[in-house]
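The paragraphs below go through a protein model step by step, from the terms used to individual residues. Please keep the sequence and the coordinates open while reading.

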Amino acid sequence: MSPGKVLQPAVKMKVDELFLCWLSQPATQLTLKDCLRRIKNEEKTEIGTADSGNSKNERFTNNSNSKQCILGDTRLPFSPPKLSTTLPLATPSSSRNISNVRATRRSSGAKVVQTKKEETLPPSHSQNIPTFYFPRGCPKEKVNIDAVIAKIERTFSEFPNERATLEDMGKVAKACECPLYWKGPLFYCAGGERTGYVSVHKFVAMWRKILQTCYDDAAKFVHLLMNPGCNYLVQEDFIPFLQDVVNSHPGLSFLKEASEFHSRYITTVIQRIFYTVNRSWSGKITCNELRKSNFLQNVALLEEEADINQLTEYFSYEHFYVIYCKFWELDTDHDLYIDRKDLARHNDHAISTRMIERIFSGAVTRGRKAQKDGKISYADFVWFLISEEDKKTPTSIEYWFRCMDLDGDGALSMYELEYFYEEQCQKLDNMAIEPLPFEDCLCQMLDLVKPQHEGKITLHDLKRCKLTNVFFDTFFNIEKYLDHEQKDQFSMLRDGEGESQEVSDWERYAAEEYDILVAEEAASDQWNDGYEAELNPVDHQKASVLKYQMEKRPFFEMPSHLADVDLDEYDYEEDFE
């Protein structure tokens with residue numbers, strides 16, 4: 001037998017072995033010969049009962065008056081007129097009819113065949129369990145699909161030759177009872193990208209199939225954006241949808257003439273979508289993840305909210321502007337990649353060197369090419385900055401936990417905490433500040449987190465803690481650590497409880513940084529061509545900021561081919577690890 005082969009029990013072989021052993025015994029052969037002789041003579045054969053548990057050696061004793069068959073402790077007398085044969089049964093004291101005996105019986109005369117009565121089995125309990133798993137949404141009461149299709153056909157009848165362009169798809173989306181900005185996915189899913197229009201027949205066939213297989217908005221949205229054969233969304237699937245938002249949303253109209261910014265804005269929004277929605281860190285958004293998030297609600301708000309900056313969770317242009325400016329300050333060669341030295345300059349070297357090494361180790365970044373070259377992309381920086389400025393969200397807690405978990409065992413040991421705290425002590429010594437001994441710091445952190453198991457801190461412990469920002473900053477952000485040391489712990493705890501209903505730390509940071517950037521731009525503004533006077537104050541501010549960036553940064557002086565938004569340069573094809 002090969003060494004990799006696993007032994008498997010062979011019940012049939014064992015049964016056959018026992019049967020041959022029983023059949024080879026002399027007593028068994030005598031019994032079968034006697035039974036066969038009586039069957040040939042058409043004598044009546046009676047089958048009695050026997051105890052299989054007392055089966056022993058069998059023997060026949062011939063007397064002058066009678067013959068007896070002894071099987072175990074059971075003796076059955078039989079004579080020529082009345083014959084009886086005892087065979088071992090599977091169950092003690094259980095009788096069977098002649099059809100249940102495995103021996104083959106043949107007779108020269110007529111034979112009676114008795115059929116076994118099939119017992120009706122009770123219904124399986126699983127039949128009473130209602131369906132509870134609906135990967136494409138729970139079916140609601142019957143939807144009148146024909147009425148929906150008729151409404152769509154009436155809408156298409158308003159267009160020339162019953163063909164809808166991308167500009168017409170807003171009316172079609174409303175006829176489908178979908179949010180306005182589903183128009184792009186509807187258009188592209190029906191094949192409009194190839195021909196520039198969608199015919200009524202092709203669209204109706206596509207939408208009818210979706211109505212018959214998808215029962216909620218999450219399943220429909222995934223079906224519209226996903227590649228054929230997939231049941232999830234990757235980052236590239238969002239590009240056509242977001243490009244349509246950039247082209248048609250009134251809050252982004254000032255970007256129409258600056259196509260160079262389209263790819264950067266779309267990249268930022270995609271990273272924020274996956275940062276919030278893709279809770280599995282797989283790089284693939286499933287229907288279930290989309291269903292649990294608030295992304296589709298924000299997509300619906302695009303129609304109602306003219307100011308894109310009010311949608312702070314995904315689409316805010318101000319947030320994009322802050323992130324991109326922070327990255328541009330670090331990316332000195334403007335190749336859209338930064339190395340360890342570049343990232344170390346963030347926030348005046350506030351992040352410890354050991355933590356930066358962990359970020360570049362691949363614990364939280366994607367793209368083997370960038371990791372091989374010792375760099376991270378702009379997409380990775382989006383995750384870093386949001387996690388750095390708001391350490392209370394589930395994704396940011398997971399981000400920094402992955403970085404601090406050096407051995408990847410799912411828990412932070414005291415050794416790992418001391419490893420990061422050592423560099424903090426060195427920085428404090430350089431600043432002529434006496435550091436707190438590690439033992440005292442550890443006691444404070446354990447009192448803060450209150451881990452369930454002694455000697456280690458798990459991810460679950462940190463998610464239960466309301467001051468995770470204090471915990472993380474203590475070990476790798478010296479500036480914020482000193483800020484926390486100057487505050488009262490009770491006031492921090494009170495702020496942490498009250499902030500759950502207010503703006504997040506990230507939203508507060510983005511608003512403050514945007515105001516600073518606008519003030520810096522206004523101080524150096526030298527545009528006097530009268531163009532700004534024709535704009536309202538909001539557009540004037542956005543246009544002046546945009547012009548300032550395009551003037552000061554030579555990367556955007558040449559027309560770019562990135563208007564069509566190709567994310568391949570960021571190595572998005574690989575999943576998060």
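A residue counts as buried under 20% relative accessible area, as exposed over 50%, and as partly exposed in between. Lys466 has a relative accessible area of 47%, so Lys466 is partly exposed. The model is a predicted one, and the values that follow are computed from it.

The overall picture comes next. The protein has 26 helices and 13 strands. Of its 577 residues, 44% are buried. Among contacts between residues at least 6 apart in sequence, 64% join residues at least 24 apart.

Lys466 is located in the loop between helix 21 (459–464) and helix 22 (468–476). Its C-alpha atom is separated by 8.4 Å from that of Val449, 17 residues away along the chain.

An α-helix has 3.6 residues a turn, so residues three or four places apart point the same way. After helix 2 comes Glu42, with a positive phi near 55°.

Which residues touch the most other members of the largest nonpolar core? They are Phe203, Trp207, Phe238, Phe295, Phe315 and Phe471, in a core of 131 residues. Helix 13 (residues 317–330) supplies the largest share of this core, 10 residues. In soluble globular proteins, nonpolar side chains tend to be buried together. Leaving aside neighbours within four places in sequence, Phe295 is in contact with Phe221, Phe238, Phe241, Ile273, Val277, Leu290, Tyr314 and Phe315.

Aromatic rings can also be considered in pairs. A pair of aromatic rings is described by the distance of the centres and the angle of the planes. The count for this model comes to 39 aromatic pairs. In one of these, Phe254 and Tyr317 are edge-to-face, at 4.9 Å centre to centre and 85° between the planes. Phe254 lies in the loop between helix 9 (239–248) and helix 10 (260–277), and Tyr317 lies in helix 13, so the pair ties together parts that are 63 residues apart in sequence. Phe254 and Tyr317 are both buried. The ring centres of Tyr324 and Tyr378 are 5.6 Å apart and the planes are at 75°, so this pair is also edge-to-face. Tyr324 belongs to helix 13 and Tyr378 to helix 17 (residues 378–389), so parts that are 54 residues apart in sequence are tied together. Tyr324 and Tyr378 are buried as well.

The charged end of Lys284 sits over the ring of Tyr232, 4.8 Å from the ring centre. For Arg354, the charged end sits over the ring of Tyr419, 4.4 Å from the centre.

Some single residues remain. Gln271 lies in helix 10 and is buried, with a relative accessible area of 2%. The C-alpha atoms of Gln271 and Asp380 are separated by 8.3 Å, although these residues are 109 residues apart along the chain. Thr155, found in helix 3 (residues 145–156), is buried with a relative accessible area of 11%. Beyond residues up to four places away in sequence, Thr155 touches Lys171, Val172 and Ala175.

Is Trp281 buried or exposed? Its relative accessibility is 3%, so Trp281 counts as buried. Trp281 is placed in the loop between helix 10 and strand 9 (285–286), and its phi is near 60°, a positive value in a residue other than glycine. His349 likewise has a positive phi near 60°. The place of His349 is in the loop between helix 14 (340–344) and helix 15 (353–360), where His349 is partly exposed, with a relative accessible area of 46%.

Technical notes. Residues are numbered from 1 along each chain as its sequence is written. This is a predicted model: local features need pLDDT of at least 70, side-chain atom pairs count only at pLDDT 80 or more; totals for chains, interfaces and linings use all residues. Side-chain values use heavy atoms; hydrogens and water are left out. Helices (H or I, at least four residues) and strands (E, at least two) are DSSP runs, numbered from the N terminus. Buried means under 20% relative accessible area, exposed over 50%, partly exposed in between (1.4 Å probe, protein chains only). Contact means heavy atoms within 4.5 Å. A nonpolar core is a set of buried Ala, Val, Leu, Ile, Met, Phe, Trp, Tyr and Cys residues joined through side-chain atoms within 4.5 Å. Rings of Phe, Tyr and Trp (its six-membered ring) pair if their centres lie within 6.5 Å; planes under 30 degrees apart count as stacked, over 60 as edge-to-face and the rest as tilted. A charge sits over a ring if NZ of Lys or CZ of Arg is within 6 Å of the ring centre and within 35 degrees of the ring normal.
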